[in-house]
Amino acid sequence: MKIKDLHSWNVGRSEAIEIQRLLRENILIKENPIRPSLVAGVDLSFPDKNIGLAVVTVLNFPELELMQYSYHVGIIERPYIPGLLSFREGPVIIEALKNTPEVDLVFFDGHGTAHPRGLGIASHIGLFLEVPTIGVAKKLLYGKCDLPGNSRGDISPILSPAGELIGYSLRTKPKVKPVYVSPGNGLSMKQALEFSLKATGIYRLPEPTRQAHILSQKLKGQLNL
DNA sequence: GCGACAG
DNA sequence: ATCTTGTCGC
């Protein structure tokens with residue numbers, strides 16, 4: 001897909017935080033009249049401590065059948081620091097996305113706006129793309145929220161310390177730990193929830209990222225290291 | 001200073 | 001994320 005080049009990834013901790021503060025101003029969370037027919041999911045595995053294997057799946061929507069996938073293996077330059085995940089995984093993800101055909105929506109493993117500076121990995125990478133992005137995380141990083149009801153589709157708002165709505169906890173599978181959904185860029189909070197639920201089948205995680213995770217693990221195993 | 005902390 | 005098999009419970 002078409003990728004923009006907004007800034008260098010080779011930056012230190014404080015500069016990375018400054019970049020996040022600047023980029024957050026470009027995030028647009030607003031209703032978008034999209035009718036996605038192709039959606040993508042991104043996930044990574046680590047064949048070695050500093051080697052990352054990013055996989056991008058492409059599924060038709062709303063059928064959710066795997067159409068194809070692309071991947072990229074690259075060197076991981078930075079450690080994992082809560083709040084700076086995109087600087088660690090971004091470079092490899094961007095390369096994998098370059099090998100991916102155009103899609104209408106992209107799902108990420110991690111948060112979007114539900115982030116200390118409103119720029120989780122789904123938002124950050126979303127700014128490099130020309131299509132909407134959504135972040136679906138397995139754990140909360142920032143803010144607080146109660147547990148949603150026990151039925152599929154039940155939700156509970158994620159509130160920042162200031163009381164702003166930054167995402168939702170969503171029960172995608174009955175009586176199974178909820179996931180945390182927040183828009184990355186280019187669509188509304190409500191749409192992020194809507195598409196996340198529609199992209200989820202009988203499992204806890206949305207099918208696009210679930211398939212990417214499975215493939216990433218499988219490819220890692222086939223890679224002889 | 002203490003606790004929290006995506007993948 | 002990663003090191004790792006079986007096993008308890010709905």
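Which side chain makes a polar contact with the side chain of Asp-109? Let's work up to that one and a few others in this predicted model.

**Before you start.** Residues are numbered from 1 along each chain as its sequence is written, while chains are lettered from A in the order in which they are written. The model is predicted, with local features needing pLDDT of at least 70 and side-chain atom pairs counting only at pLDDT 80 or more, while totals for chains, interfaces and linings use all residues; side-chain values use heavy atoms, leaving out hydrogens and water.

**Exercise 1. Find the partner of the Asp-109 side chain.**

Step 1: Go to strand β4, residues 105–109, where Asp-109 sits. (Strands are DSSP E runs of at least two residues, numbered from the N terminus.)

Step 2: List what Asp-109 touches, skipping residues up to four places away in sequence: Val-42, Asp-43, Leu-85, Ile-121, Val-136, Lys-138 and Thr-209. (Contact means heavy atoms within 4.5 Å.)

Step 3: Pick out the polar contact: the side chain of Lys-138 is the partner, at 3.1 Å. (A polar contact pairs N or O atoms within 3.5 Å; within protein, one must be able to donate a hydrogen and the other to accept it, and residues adjacent in sequence count only if both atoms are side-chain atoms.)

**Exercise 2. Decide whether Asp-43 and Asp-109 are buried or exposed.**

Step 1: Start with the record: an unreviewed UniProt entry has a "binding site" annotation covering Asp-43 and Asp-109. (Positions follow the numbering used here, feature names are shortened, and annotations may be inferred rather than shown by experiment.)

Step 2: Check the spacing: they spread over 67 residues of sequence yet cluster in space, with a largest C-alpha distance of 6.2 Å.

Step 3: Read the areas. Asp-43, in strand β1 (residues 38–48), is buried because its relative accessible area is 8%. Asp-109 has 17%, so this residue is buried too. (Buried is under 20%, exposed over 50%, partly exposed in between, using a 1.4 Å probe and protein chains only.)

**Exercise 3. Describe the surroundings of DNA strand B.**

Step 1: (Near means a heavy atom within 4 Å.)

Step 2: Look at phosphate oxygens of DNA strand B. One is 2.6 Å from a side-chain N or O atom of Tyr-80, and a backbone N or O atom of Lys-138 lies 2.8 Å from a phosphate oxygen.

Step 3: Turn to the bases: a base nitrogen is 3.5 Å from a side-chain N or O atom of His-115.

Conventions
Helix = DSSP H or I, 4+ residues; strand = E, 2+ residues; numbered from the N terminus.
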